[in-house]
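Please look over the sequence and the structure shown below before reading on. The briefing that follows takes up helix packing, charged pairs and the surface, in that order.

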Amino acid sequence: MKRILFYSATLLTMVACGRGNDFDATGTFEATEVVVSAEAAGRILSFDAEEGDAVQAGRQIGAIDTVQLYLQKLQLERQRASVISNRPDIRKQAAALREQIAKQEIERGRVVNLLKDGAATTKQLDDIDASLKVLNGQLEALLSTLGNNTAAIDENSSALELQIAQIEDRLMKSRIASPISGTVLAKYSEQGELAAVGRPLMKVADMENVYLRAYFTSDQLSSLKIGQEVTVTADFGGDEQIDYPGRIVWIASESEFTPKNIQTKSSRASLVYAVKIAVKNDGRLKLGLYGEVKLRKS
């Protein structure tokens, strides 16, 4: 619909009009428009934006009900805290066995010294070595069990952290904000209404940087290039016309038929190329306004 509107409003390229053939192409002004849609479902608690208001990129201007999401987050945080509290203290639980092993090591040293002096038997040393082997085995098994339990608890905790992160992301998406700085062109929802994911809330356009979509004939393409400076004349009606510096930022790669409001049948059969010309808006340029393009002579 938007493209049809531009077509119907676009005057003819290189066609004589009331001012004569003093321009190279004509067109209408347009801007980068963004439809801001809801990313969460719920009642719109606030929506502080009206048509014509200026909004900043990323700045919150409204909110969708987040009570249930917030309660889910609190529940998950409590579950995570409970899981973490069950993490075993490996150092403390293994301390008793380590102490027993240390005492047996000391006792073995004594037996070895007594054995050298003939005051102990080999069986006593063998018994201590057997006891140490059992204790070390018990310690190894305990550390393995505690390590596995800790790993399982950490995995459960990580899973809960991911769920909390998902809730936080949904909470962020409950904020209403424009992704670009611009002007609110249309508002589709109001405070108190129910929002659904994907439902349009408002339309925002960057009115500081507008474009003139003009149409050039194929024999004019050799005179056009990206980045080329041109003069754009905005027609405000009557004799009020203002010149603006413009820069070509896009040239269509394919031709199209001239819009149907052309006067002659032969001209309607002509092929033209769409060109976008960036213009800095001083606040007077409006979308759909008619403009003319004059190529600067090098």
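With which residue does Arg 108 form a salt bridge? Its partner is Asp 129, and the closest N and O atoms of the two are 2.4 Å apart, where a salt bridge is defined as a side-chain nitrogen of Lys or Arg within 4 Å of a carboxyl oxygen of Asp or Glu. This is a predicted model, in which local features need pLDDT of at least 70 and side-chain atom pairs count only at pLDDT 80 or more, while totals for chains, interfaces and linings use all residues. Residues are numbered from 1 along each chain as its sequence is written, and side-chain values use heavy atoms, with hydrogens and water left out.

**Helix packing**

- Helix α3 (residues 90–116) packs against helix α4 (residues 122–172) at an angle of about 165 degrees, with the axes 9 Å apart; helices here are DSSP runs of H or I with at least four residues, and strands are runs of E with at least two, numbered from the N terminus.
- The pair α3 and α4 is therefore roughly antiparallel, a term that applies to angles over 145 degrees.
- Helices α2 and α4 have axes that come within 9 Å and cross at roughly 165 degrees, so α2 and α4 are roughly antiparallel to each other.

**Salt bridges**

- The structure holds 14 salt bridges.
- The bridge between Arg 108 and Asp 129 links helix α3 to helix α4, across 21 residues of the chain.
- Arg 108, at 29% relative accessibility, counts as partly exposed, since buried means under 20% relative accessible area, exposed means over 50%, and partly exposed lies in between (1.4 Å probe, protein chains only).
- Glu 161 forms a salt bridge with Arg 80, with 2.5 Å between the closest N and O atoms, and this pair joins helix α4 to helix α2, 81 residues apart.
- The side chains of Glu 50 and Lys 187 meet in a salt bridge of 3.2 Å, N to O, which links the loop between β2 (42–47) and β3 (54–55) to strand β6 (residues 182–187).
- Glu 50 is partly exposed at 44% relative accessibility, whereas Lys 187 is buried at 12%.

- Leu 71 is found in helix α2 (residues 67–85) and is partly exposed, with a relative accessible area of 45%.
- Gln 75 also lies in helix α2, and its C-alpha atom is 9.4 Å from that of Ile 164, 89 residues away along the chain.
- Ala 177 belongs to strand β5 (residues 175–177) and counts as buried at 19% relative accessibility.

Note on methods:
Axes fitted to C-alpha atoms, helices over the stretch in contact; angles between N-to-C directions. Parallel < 35°, antiparallel > 145°, perpendicular 65-115°, else oblique.
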